[in-house]
Amino acid sequence: MKLGLHIADFTYPSGPQGLADDLTRIAVTAEEAGIARVSVMDHVWQIRPVGPIENDMLEAYTTLGYLAARTERVELLAWVTAVSYRDPGLLAKLVTTLDVLSKGRAWLGIGAAWNDEEAKGLGLFFPPTAERFERLEETLRICLQMWSDDEGPFEGRHYRLERTMNVPQSLTRPHPPILIGGGGEKKTLRLVAQYANACNLFAGPELPHKLDVLRQRCDEVGRDYDEIEKTVMGPLDPSDPPALVERLKELAALGVQEYHGMVPGVSELEPLRVLGKEVVPAVADL
């Protein structure tokens, strides 16, 4: 099992003037600890479950580009990109750029978006839920076309591209891995089965059921369930390493291959070092 670090809180004791250095220390320490992936949220305001909306928040892809220059091994992604915030041709270009400049470490993490408060606040495009899911599927199709040899046009209900040229191409071939976030059984998990390399679910009592539904969706579209990496988002608190390891073993028994989460007190760095010493090696062979 792999571990991933989700950086969702950018309000550190050193303030905005020290934020770049704090991010560097966090990402480098995570890499040294054996963390496999580092993600940031695609939000422009802080979300209420993490802190007050007035707290510091950085734009996702600028931050990922910065982290690409400060790290060497960790995979990088937005967890997850809000589909309506960027047109798909630009999004494919962003992820390709990240992949090239990180030397092949970019993922496309994407979802249907949900935060209407921040979207309305900054005037970002945010159509109704059904339309966002339609746009999500078209965006996935466009990204896959741009990462292929097909430079032809794309005609969809919501997007029209006259030429899907993408130069340079991504270093990761046939394309950067795609992770679709969310556990919606009718739409999201169907899109996972049809388009994604990885799903993202939450570490709660519904997890076995969600995995069963994903298996059903794979059967419906003729996809091998085992081709899809199962990732889970949850607390990543190393204050009790044996308990955390036992929880990860339970998840691995369900088929979970990566556990991704926020680390309390991450800017202090020691929690990351504890993960590297006592958790990462204990779950590496699960």
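Trainee: How many bridges join β4 to strand β5?
Mentor: This is a predicted model, in which local features need pLDDT of at least 70, side-chain atom pairs count only at pLDDT 80 or more, and totals for chains, interfaces and linings use all residues. Residues are numbered from 1 along each chain as its sequence is written, and side-chain values use heavy atoms, with hydrogens and water left out. Strands (E, at least two residues) and helices (H or I, at least four) are DSSP runs numbered from the N terminus, and two strands pair if DSSP finds at least two bridges between them. β4 and β5 (residues 108-111) run parallel, and the number of bridges joining them is 2.

Trainee: Which residue in β5 stands opposite Thr81?
Mentor: Strands of a sheet pair through backbone hydrogen bonds, either parallel or antiparallel. For β4 and β5 the pairing is parallel. The residue of β5 opposite Thr81 is Ile110.

Trainee: Which are the edge strands of the sheet?
Mentor: The open sheet has 9 strands with parallel pairing, in the order β3-β2-β1-β11-β10-β9-β8-β5-β4. An edge strand here pairs on one side only.

Trainee: What angle does the direction of α5 make with that of β5?
Mentor: α5 packs on the sheet and touches β5 and β8, where contact means heavy atoms within 4.5 Å. Axes are lines fitted to C-alpha atoms, for helices over the stretch in contact, and angles run from 0 to 180 degrees between N-to-C directions. For α5 and β5 the angle is about 160 degrees.

Trainee: Is strand β10 largely enclosed or largely open?
Mentor: Buried means under 20% relative accessible area, exposed over 50%, and partly exposed in between, with a 1.4 Å probe and protein chains only. On one side of β10 Glu229, Thr231 and Met233 are buried, and on the other Lys230 and Val232 are buried. Because 5 of the 5 residues of β10 (residues 229-233) are buried, the strand is largely enclosed.

Trainee: What is the volume of the largest pocket?
Mentor: On a 1 Å grid over the protein atoms alone, a pocket is an open set of points with protein on both sides within 12 Å along at least five of seven lines, unlike a cavity, where a 1.4 Å probe fits but cannot get out; lining residues have an atom within 4 Å of a point. Grid points are joined across faces, edges and corners, and the volume is the space filled by probe spheres set on the points. For the largest pocket it is about 730 Å³.

Trainee: Which element gives the most to the lining of the largest pocket?
Mentor: The lining has 37 residues, and those closest to the centre are Trp79, Val80, Trp114, Asn200 and Phe202. Elements that give two or more residues include β8 (178-181), β9 (198-202) and α7 (207-221). With 3 residues, the one that gives the most is β9.

Trainee: What is omega for the cis peptide bond that joins Trp79 and Val80?
Mentor: Most residues other than glycine have a negative phi, and most peptide bonds are trans. Val80 lies in the loop between β3 and β4. The bond from Trp79 to Val80 is cis, with omega about -5 degrees.

Trainee: What is the phi of Ala113?
Mentor: Ala113 is found in the loop between β5 and α4 (116-122). Ala113 is buried, with a relative accessible area of 17%. Although Ala113 is not a glycine, its phi is positive, about 75 degrees.

Trainee: Is Glu268 buried or exposed?
Mentor: Glu268 lies in the loop between β11 and α9. Leu269 is in that loop too, and counts as buried at 11% relative accessibility. Glu268 has 62% relative accessibility, so it counts as exposed.

Trainee: How far apart in space are Ala60 and Asp240, C-alpha to C-alpha?
Mentor: Ala60 lies in helix α2 (residues 60-70) and counts as buried at 1% relative accessibility. Ala60 and Asp240 are 180 residues apart in sequence. In space, C-alpha to C-alpha, they are 31 Å apart.
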